[in-house]
Amino acid sequence: MPFRSITADPAELNRLYETFDAAWTAVNAEQSIDPLVSAAQRERLGYIIVQLWGRQSSDLATEAVRRFISGEASGRFGSSRLSPSDAE
């Protein structure tokens, strides 16, 4: 998860963790994430959140979910969507 290297005050770090949890729950409600690629997808979502956090978006979780679902991304995963065959 990309949050390990972030320097922020405890309240802001808590906000990021809460945002991630809310966004991950929403993503799973929208689409099924294959357990074989779950860790990679969680990391992808984390990168999306960190990018949005730098822009001070008012609703980080909703925007992160929108970008995740649409395939827009971020971080080292680019805009690709992983499938079970990618995990092999």
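This note sets out numbered points on the helices and the aromatic residues of the structure.

1. Basis of the model. The model is predicted: local features need pLDDT of at least 70, side-chain atom pairs count only at pLDDT 80 or more, and totals for chains, interfaces and linings use all residues. Residues are numbered from 1 along each chain as its sequence is written, and side-chain values use heavy atoms, with hydrogens and water left out.

2. Overall architecture. The chain has three helices and zero strands, in the order α-α-α from the N terminus; helices (H or I, at least four residues) and strands (E, at least two) are DSSP runs, numbered from the N terminus. Of the 88 residues, 35% count as buried, where buried means under 20% relative accessible area, exposed over 50% and partly exposed in between (1.4 Å probe, protein chains only). Among contacts with a separation of 6 or more, 62% come from residues 24 or more positions apart; contact means heavy atoms within 4.5 Å.

3. Helix α1. This helix has 21 residues and reaches 30 Å from its first C-alpha to its last, close to the 30 Å expected at 1.5 Å a residue; the expected span is 1.5 Å times one less than the number of residues. At the start of α1, a side-chain oxygen of Asp9 comes to within 3.0 Å of the backbone nitrogen of Ala11.

4. The two sides of α1. Buried in this helix are Glu12, Leu16, Thr19, Phe20, Ala23, Trp24 and Val27. They cover an arc of only 130° around the axis, which puts them on the same side of α1; the arc is that of the directions from the helix axis to the C-beta atoms. The face turned away from that buried side carries the exposed residues Pro10, Ala11, Thr25 and Ala29. The cover over the buried residues of α1 includes α2 (38-53) and α3.

5. Helix α3. The buried residues here are Leu60, Ala61, Ala64, Val65, Arg67 and Phe68. Viewed down the axis of α3, they fall within an arc of 165°, so they line one face of the helix. Their cover includes α1 and α2. After α3 comes Gly71, whose phi is positive, near 95°.

6. Aromatic pairs. Rings of Phe, Tyr and Trp (its six-membered ring) pair if their centres lie within 6.5 Å, and planes under 30 degrees apart count as stacked, over 60 as edge-to-face and the rest as tilted. By this rule there are two aromatic pairs. The ring centres of Phe20 and Trp24 are 6.4 Å apart with planes at 5°, so this pair is stacked. Phe20 and Trp24 are four residues apart in helix α1 (residues 10-30), which separates them by about one helical turn. The ring centres of Trp24 and Phe68 are 6.5 Å apart with planes at 85°, so this pair is edge-to-face. Because Trp24 lies in helix α1 and Phe68 in helix α3 (residues 60-70), the pair ties together parts 44 residues apart in sequence.

7. Phe20, Trp24 and Phe68 are linked into a cluster by ring pairs. Trp24 counts as buried at 12% relative accessibility, and Phe68 does at 1%. The charged end of Arg42 sits over the ring of Trp24, 5.2 Å from its centre, and Arg44 lies over the face of Phe68, at 4.1 Å from the ring centre. A charge sits over a ring if NZ of Lys or CZ of Arg is within 6 Å of the ring centre and within 35 degrees of the ring normal.

Definitions and conventions
Polar contact = N/O pair within 3.5 Å; in protein donor to acceptor, adjacent residues only side chain to side chain.
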